[in-house]
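Please look over the sequence and the model before reading on.

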Amino acid sequence: MNDSLPSLRRGGARFTRMIAGVFLLPMAASACPLCNTETGQQVRAGLFNDEFWPTFLMVLLPFPVLLILLAAMHSGLTRLDHRSSSRNST
Amino acid sequence: MNQPTNSTPLVMSGTFMGIGLGGFFDGILFHQLLQVHNMLSAKFPKTSIANMEINMFWDGLFHCLTYTMTLIGLVLLWKAGARSDVPWSGKTFTGAFFVGWGLFNLVEGVINHHILNIHHVVESHGQSIFDYAFLASGILFIIGGWMAIRSARKEDTRPRGA
């Protein structure tokens, strides 16, 4: 068990280097939200500013509305099922 | 005495999947293939790489939500499949799927295209006939889907386990 610890640590270090490489590679690309380029900085500035959370809520908004409609639909359908079941059983 | 039937679990799973896959249809067709709009294309017009990437980020968040809805639908479908009192009706499921898709088009259309104005179906036209056609498709899907569910309810009165 103890013998495997150094090899695990070596594996972990290799994995960390690999991940770091993945994040450093896009620096050569022209743009991405994580890139350290002029466009990357513009993207970050356009995303992570005072408008982030209001925009987040705006994009999210249709989904809570849909969930409310689904809850109403569920309760209506359950009532319908109960009514038709009690009609069938009599 | 007949065992009571309960089609609600199948309807709910179909509706969730309709919302999720309807959202994916919108994202794949309009955002990616036709590229007529993106999530915030009215706010960030696609005139620069940075603006396109900002839109891509918010498109990604939108797709996370449609993915979640599809996943919930799949779990509900799995659970409905394990119940003997749920009539296993393709007509009910398809109807519910269209109700979900219609709900998505209607709610997303009203909120994003007409209230918040964050994008329009064809961004270069602004608010146009395409936005109203999108809402109309939602209403038609809901009516058609609901009619299918109702007719299946009359046909499938016997539970699967009976």
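How many helices and how many strands does chain B have?

## Model and conventions

This is a predicted model, in which local features need pLDDT of at least 70 and side-chain atom pairs count only at pLDDT 80 or more, while totals for chains, interfaces and linings use all residues. Residues are numbered from 1 along each chain as its sequence is written, and chains are lettered from A and ligands numbered from 1 in the order in which they are written.

## Overall build of chain B

Chain B has four helices and zero strands, where helices (H or I, at least four residues) and strands (E, at least two) are DSSP runs numbered from the N terminus. Read along the sequence, the pattern of chain B is α-α-α-α, and its C-alpha trace spans about 65 × 30 × 25 Å along the principal axes.

Of the 162 residues of chain B, 44% count as buried; a residue is buried if 20 or more other C-beta atoms lie within 10 Å of its own, exposed if 12 or fewer, and partly exposed in between, with C-beta atoms placed from the backbone. Two residues are in contact if their C-beta atoms, placed in that way, lie within 7 Å. Among the contacts in chain B with a separation of 6 or more, 79% join residues 24 or more positions apart.

## Helix H2 of chain B

Helix H2 of chain B covers residues 49-81, and its 33 residues should span 48 Å at 1.5 Å a residue, which agrees with the 47 Å between its end C-alpha atoms; the expected span is 1.5 Å times one less than the number of residues. The buried residues of H2(B) include Ala50(B), Phe57(B), Trp58(B), Met69(B) and Ala80(B), and the buried residues of this helix pack against H2 and H3 of chain A together with helix H1 (8-33) of chain B.

Met69(B), found in this helix, counts as buried because it has 25 C-beta neighbours inside 10 Å. Leaving aside residues up to four places away in sequence, Met69(B) touches Phe16(B), Ile19(B), Gly20(B) and Gly23(B). The C-alpha atoms of Met69(B) and Ala152(B), which are 83 residues apart along the chain, are separated by 24 Å.

## Nonpolar cores

A nonpolar core is a set of buried Ala, Val, Leu, Ile, Met, Phe, Trp, Tyr and Cys residues joined through C-beta atoms within 7 Å. The largest such core has 26 residues, and those with the most contacts inside it are Ala96(B) and Leu103(B). At least two residues of this core come from each of H4 of chain A and H1, H2, helix H3 (90-115) and helix H4 (129-155) of chain B, with the largest share, 10 residues, supplied by H3(B).

Not counting residues up to four places away in sequence, Ala96(B) touches Leu10(B), Val11(B), Gly14(B), Thr15(B), Gly18(B), Gly145(B) and Ile149(B). Apart from this core lies another, of 11 residues, among them Leu40(B), Phe57(B), Trp58(B) and Ile118(B).

## Where the chains meet

The contact between the chains takes 27 residues from chain A and 31 residues from chain B. On the side of chain A that touches chain B, helix H2 (38-47), helix H3 (52-60) and helix H4 (62-89) of chain A each supply at least two residues, and the largest share, 14 residues, comes from H4(A). By class this side has 16 nonpolar, 10 polar and one charged residues, where Ala, Val, Leu, Ile, Met, Phe, Trp, Tyr, Cys and Pro count as nonpolar, Asp, Glu, Lys and Arg as charged, and the others, Gly among them, as polar.

Within H2(A), Gly40(A), Val43(A) and Gly46(A) are buried. Seen down the helix axis, the buried residues of H2(A) fall within an arc of 125 degrees, so they line one face of the helix; the arc is that of the directions from the helix axis to the C-beta atoms. Glu38(A) and Ala45(A) are exposed on the other side of H2(A), whereas its buried residues pack against H2 of chain B. From chain B, Val107(B), found in helix H3, touches Pro62(A), Val65(A) and Leu66(A), residues up to four places away in sequence not being counted.
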